Amino acid sequence: MNPDLGFAGDVLVRAFKSGADQAEVFCKSYKKIAVEIRDQAVESLSSSFSSGYCVRVIRNNCLGFSFSTEIGESDKVIARAMDACQSVDEDFFHCLPSPSPDNTIDIFDNAIRDLKEDDAITMAMQIEHAAYDTDRRINKLRKPSASFIVAETVIANSLGVKAQYQSTSCSAQLTAVAESGKESQTGWDYMGSRFLKDISFEDVGRTAATSALRLLGSRKM
C-alpha cells in the first residue's frame, strides 16, 4: 500500500460510525537500500519496500489502538481499536492533537531518492577502504554498512489534522579493530542525516579506525 489521504479520511468516517468520539489515522511507507561490505565485496545487499497504517480512537475517554499492513483489513483494525478502549482505564486528559500553523521544514533529498544500488555499494566500500588505509594496525572490520531510506507519511484526524509529506535519511557505520602484539582494541563511528551531502563515508571509516588506535596501550587509572 501507499499512503493516501483519501484512504485515511475514509477510515476516519468508518471509525465514527463504529462509535469513536475522536479518531486518528497514521500511514507510512518507505523504500530502503541497505549495503554491508566485506573485503571490498558485497556481503549483503537489500532493496525493500514496506508500508503500514495504524488507527487510534478515543471513546468515553478511553484510548484504543490497532495497526496493519493490509488495506483490506481496515474494518478489522477499526474494530480492534474500538475493542481496546474497553480494556483500559478512563482518562479525562486523553485528546488528539489539533492542527498547528504550517511550517516548511526541508527533510527531503532528491539525491537519496535517485540513488542507485551501485552508488550505494560504492559509498559503503569507501567506509571500509578508508578504515584500512588509516593504519596498518587496523586488521579487522565489523559491519561496514550504509543505508538509504525514502519515506512518505500521511496523518489525518477528526480534529482537523490533515498532512502528507515525504522524507529521506541515510546513515553509515563501522566497527574497527586495531591490533598490536597481543593487544586488540575496538572503535566505532556512525553518521546519519536527512541529506546525502552531510555524510562522509570516508570519515566514518577513518574515525572508527582512529578511535580503536587511540585505545592501544591504554591502562586502567
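Predicted model: local features only at pLDDT ≥ 70, side-chain atom pairs only at ≥ 80, totals over all residues.
Start with helix H2, residues 74-85. H2 has 12 residues, which at 1.5 Å a residue should span 16 Å. The end C-alpha atoms sit 17 Å apart, and that agrees.

Which residues of H2 are buried? Ser74, Val77, Ile78, Ala81, Met82 and Cys85. Look down the axis of H2: these buried residues fall within an arc of 130°, so they line one face. The general rule is that an α-helix has 3.6 residues a turn, so residues three or four places apart point the same way. On the other side of H2, Asp75 and Lys76 are exposed. And the cover over the buried residues of H2? That includes helix H1 (5-17), strand E2 (41-59) and strand E3 (62-68).

Next, helix H5, residues 201-215. H5 has 15 residues and reaches 22 Å from first C-alpha to last, close to the expected 21 Å. Its buried residues are Phe201, Val204, Gly205, Ala208, Ala209, Ala212 and Leu213. Down the axis of H5, they fall within an arc of 160°, so they too line one face of the helix. They pack against helix H4 (117-134) and strands E4 (138-157), E5 (162-180) and E6 (183-193). Just after H5 comes Gly217, with a positive phi of about 85°.

Last stop, strand E4, where we find Ser145. Buried or exposed, this Ser145? Buried: its relative accessible area is 13%, and the cut-off for buried is under 20%. Leaving out residues up to four places away in sequence, Ser145 touches Val35, Glu36, Ile127, Ser171, Ala172 and Gln173.

Key. Residues numbered from 1 in each chain as written. Heavy atoms only, no water. Helix = DSSP H or I, 4+ residues; strand = E, 2+ residues; numbered from the N terminus. Expected span 1.5 Å × (residues − 1). Buried < 20%, exposed > 50% of the residue type's maximum accessible area, 1.4 Å probe, protein only. Arc of directions from axis to C-beta. Contact = heavy atoms within 4.5 Å.
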